[in-house]
Amino acid sequence: MTEGQRATEKAAGRVASVMQESRVFPPPAEFSSRARIGSLEDYRRVYDEAARDPESFWHVRAQTLPWMKPYATVLDWQSPTAKWFVDGQTNASAACLDAHIAAGRGDKTAIVWIGEPTGERRTLTYRELLAEVCRCAAGLQKLGIKPGDVVSIYMPMTPELVIAMLACARIGAVHSVIFGGFSSEAIADRNEDAKAVAVITADGGWRRGTTLALKKNVDEALKKSPTVKHVVVLKRTGQPVDMVPGRDVWWHDLVAGMPADTPPVAMDSEAPLFILYTSGSTGKPKGIKHTTAGYLVWAKTTAEWVFDLRDDDLFWCTADCGWITGHSYVTYGPLAAGASVLIYEGAPNAPHEGRFWEIIEQEKPTIFYTAPTAIRSFMKWGMQHIEGRDLSSLRLLGTVGEGINPEAWMWFHEVIGGTRCPIVDTWWQTETGGIMMSPLPGCTPTKPGSCTLPLPGVCPEIVDAAGDPVDQGEGGWLVITKPWPGMLRGIWGDEERFRETYWSRVPGKYLAGDNARQDADGYYWIMGRIDDVLNVAGHRLSTIEIESALVSHPLVAEAAAVGRPHDVKGEAVAVFVTLKGGEPDDLAALKDTLRRHVRQQIGALAAPDDIHFSAMLPKTRSGKIMRRLLRDIAAGKETVGDTTTLEDYTVLAKLPGNDE
Ligand code: WTA
């Protein structure tokens, strides 16, 4: 048995006892003694203070932002419309940059960046980062971009991605970051919905040793994006691109000779800072809107509490800025808190499966925040990539994006954390702007698989479909009953959908869309989504988006997408497809074609893992697809011998009284 197998066995063995004994892991005493919030009593005191008088509580925290005009009112709450720090003005880039320089910390490292190709490394101090942001901001202004204009950003994880976000913030433009794995169709949809006036991209991006053709995807998307007048192109991979005269400009030409002291534009507290598209239960992604001051206070405060950030920390959040985690815990949270941030451009297995551990050994981050799906990959890849690596710089670990299974939690705790690092399992959403429930590492005893307790200012409740609180231990819908500064301020251009999705099923309360239960200690356990949203490798995908992508193929008559358990990705995408005009001879080739089609429509992350062909889809009498049955079939709990047997279920479903 190798060392790795032994460690995994040990971890696995411990999980069983953890589950049986409900073992809890108290915070290490040494950690507590130095933490911001160092005991459960402290936590309860702060929590009660926030609950008793939220406005005074947030007023105190908001003082740390650089106000260009003081606000008159902390909160104006006309459910579901919240305005925080009303009539005040500030600027997000000033909060993340100028404020630290003014405080004499300009020479502190803001970003340590590691490229995917081995040996590429850059560092930027806060002063250097500010200068880059100012040059980019001035360049964007020169293109005519004004406060309130939407700029799409479709870039690899380079410092320039963060610079582009902060440059938009500096001039009051609203950024809409589109993950580099999305297709040109997805870019076009987002450009159109947001009425983007410009796109910032790169020639290409590195991914697992090959390059993604980012500029080419943008060119394709722009055929359908009439509002976009400018494209800024960072030279990253050096691959050939077509530059359209008058529309396209190289990043290095745009910033050349630009001033390094572009002043930040004073923005209203409630001015939109960014839009981020996420999947809901319809085919059309939602542009989640976040505004300036409340979001910043939330991102900063939660980063300080949950990661217990200290001056000498090097904080590594492995998320891409294409997701909310990269917005709140690569960019705005840690930078507003004045932390040093480690960014790695590429895949965890490029050029080898030990890349993350090599980076930790070399760069010595103290905090490592990643996703359960990544942890499960590391477990699978094996101990040979970790053995002999010095991971002793780490003092705190975190997870986000989906629930973590206790086995992966124990492995993370023992193998990566050397049993000394607390783990913060953070529950939150694109919509919440920042972490809502999480252990505080200096005070909350942890239980593998639970996101434990709400942060101060967060008032969760678990209710039934009638909106009544369920009994303790029972599962139900997770709602948030009070406004918080980081909450979404709407869906871009769709007020009705905002009310309908989040505020109408349990009137007056924010419906998170997750099921949860609370245990006897009041700890929360997230139990998965209540809507047709899949969580594949920590990424939200809507079943309906995948279905509409499939039916847009000329051979597909009808499609149903469901999730099935997957040991690394958490969930895999399984689809059931009925074809127009009978089955072709080469089903394998058709599967490939359909996979490619979904990839082209949405992006690689949505490509179905399993494709089942069927002559009919099982439906209830009212015509609803029986998803629960399909989920069982996809998971192998129900066996269907060949592609036609689903019809039997259809017949069953049509019997009187059988409505799901
Ligand atoms: C899920 C990611 C369990 C949940 C920040 C949520 C989690 C959705 C956790 C939001 C967690 C996220 N435990 N489930 N710690 N974190 N989720 O918008 O279903 O990409 O509603 O935001 O991910 O995903 P989103």
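Predicted model: local features only at pLDDT ≥ 70, side-chain atom pairs only at ≥ 80, totals over all residues.

Visitor: Is the peptide bond from Ser79 to Pro80 cis or trans?
Guide: Start with the omega angle of the bond that joins Ser79 to Pro80. That omega is near 0°. The bond is cis.

Visitor: What is omega for the peptide bond from Ala350 to Pro351?
Guide: Find Pro351 in the loop between β17 (340–344) and α13 (355–363). The bond that reaches it from Ala350 is cis. Its omega is near -5°.

Visitor: What is phi of Lys364 near?
Guide: Lys364 sits in the loop between α13 and β18 (367–370). It is a residue other than glycine, and its phi is positive. The value is near 55°.

Visitor: At what angle do α5 and α7 pack?
Guide: Helix α5 covers residues 92–102, and helix α7 covers 159–171. Their axes are 7 Å apart. Axes are lines fitted to C-alpha atoms over the stretch in contact, and angles run from 0 to 180 degrees between N-to-C directions. The packing angle is about 115°.

Visitor: What does that make α5 relative to α7?
Guide: Under 35 degrees counts as roughly parallel, over 145 as roughly antiparallel, 65 to 115 as roughly perpendicular, and the rest as oblique. The angle of this pair is about 115°. That makes α5, relative to α7, roughly perpendicular.

Visitor: Which residues of α7 make the contact with α5?
Guide: Contact means heavy atoms within 4.5 Å. From α5 come Ala92, Ser93, Ala94, Cys96, Leu97 and Asp98. From α7 come Leu166, Ala169 and Arg170.

Visitor: Which domains does the assignment of the chain give?
Guide: Domain bounds come from an automatic or database assignment. In this chain, domain 1 is written in two pieces, 3–64 + 426–528.

Visitor: How far apart are the C-alpha centres of domain 1 and domain 2?
Guide: These two domains are in contact. Domain 1 gives 40 residues to that contact, and domain 2 gives 39 residues. The C-alpha centres lie apart by 28 Å.

Visitor: Which element gives the most to the lining of the second largest pocket?
Guide: A pocket is an open set of points on a 1 Å grid, where a 1.4 Å probe fits, with protein on both sides within 12 Å along at least five of seven lines; lining residues have an atom within 4 Å of a point. This lining has 18 residues, with Ser281, Glu500, Thr501, Arg505 and Asp531 nearest the centre. Two elements give two or more residues, α16 (495–503) and β24 (510–518). With four residues, the top contributor is α16.

Visitor: Between which domains does the second largest pocket lie?
Guide: Check which domains supply its lining. Two of them both give residues, so the pocket lies between domain 1 (3–64 + 426–528) and domain 2 (84–347).

Notes
Residues numbered from 1 in each chain as written. Heavy atoms only, no water.
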